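Trainee: Could we go through this model together? I would like to begin with one of its pockets.

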Amino acid sequence: MLKSDDGNWLTPVSILAAIMICVAQYFIWVYAPVEMTMGPVQKIFYPHIGLAWWSLFSFLVVFVAGIGFLARRTPFWDNLGAAAAEVGVLFSGLALVLGMIWGKASWGVWWTWDPRLTTTLVMWFVYCGYLILRASGLGGERRATVTAVVGIVAFLDVPLVFLSARMWRSIHPSVFKREGGGLEPEMLTTMFVCLAAFGLLWLAMTAFRARQLGQAERLDAVARASVDG
């Protein structure tokens, strides 16, 4: 899907992602009703959930890419894991910031050690550590092997983030509850539009970064061959 030498599909996907992000703005600011209690600040919810859900998917891809690399030992899986981790850290970091703004308006504080917020922050630090490890002095297949293992182990925190609001007493709202999420139909539609828009954005950014890493790897190989020759 993300072969670095076959990116013909990347341009139309990127254009579609840009269009969908614009469409999502219409749904957020025009189509979705203003929530009576919080007012316009509640609209932060839509990009927040898009960023949060796709960051979790991004870390699932890091997990799968780690297994793929250990099984196949090909640069494709290593580059895919690196690209997904970078985009996942970016998306989860932005989701945390938007969540803090929402929390200040809703709870009156910028931060509270709620189970959902705490596990998300731990996850963000874990994957920042993953990226720092990739940027360390380790090189070649050794770095790819170590980061593949770390990417697999790091995924242990991701299900905790998803289930934390259900497993422990949490003030973080759950969108989907057994008794219903409490969203108006227009709000639910807007949420799904935002999920689609951020999904396309995630795909374009991850594929572009994976291809960029593959091209840099090939250029380094050519440079080393020139020096040796």
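Mentor: A definition comes before that: a pocket is an open set of grid points with protein on both sides within 12 Å along at least five of seven lines. Please note also that this is a predicted model.

Trainee: What volume does the second largest pocket have?
Mentor: The volume of the second largest pocket is about 380 Å³.

Trainee: And how many residues line it, and which lie nearest its centre?
Mentor: The lining of the second largest pocket comprises 21 residues, and D78, N79, R134, R143 and E217 lie nearest the centre. Two or more lining residues come from each of α3 (75-107), α4 (115-134), α5 (140-154) and α7 (185-228).

Trainee: Which element gives the most?
Mentor: That is α7, with 6 residues in the lining.

Trainee: How does the lining divide by class?
Mentor: The lining of the second largest pocket has 10 charged, 8 nonpolar and 3 polar residues.

Trainee: Turning to T206, where does it lie?
Mentor: T206 belongs to helix α7.

Trainee: Why does T206 count as buried?
Mentor: Buried means under 20% relative accessible area, and T206 is counted as buried because its relative accessibility is 0%. Beyond its neighbours within four places in sequence, T206 contacts L80, A83, A84 and V87.

Trainee: And the whole chain: how many helices and strands are there?
Mentor: The protein chain has 7 helices and 0 strands. Of its 229 residues, 40% count as buried.

Key. Residues are numbered from 1 along each chain as its sequence is written. This is a predicted model: local features need pLDDT of at least 70, side-chain atom pairs count only at pLDDT 80 or more; totals for chains, interfaces and linings use all residues. Side-chain values use heavy atoms; hydrogens and water are left out. On a 1 Å grid over the protein atoms alone, a cavity is a set of points where a 1.4 Å probe fits but cannot get out, and a pocket is an open set with protein on both sides within 12 Å along at least five of seven lines; lining residues have an atom within 4 Å of a point. Grid points are joined across faces, edges and corners, and a volume is the space filled by probe spheres set on the points. Helices (H or I, at least four residues) and strands (E, at least two) are DSSP runs, numbered from the N terminus. Ala, Val, Leu, Ile, Met, Phe, Trp, Tyr, Cys and Pro count as nonpolar, Asp, Glu, Lys and Arg as charged, and the others, Gly among them, as polar. Buried means under 20% relative accessible area, exposed over 50%, partly exposed in between (1.4 Å probe, protein chains only). Contact means heavy atoms within 4.5 Å.
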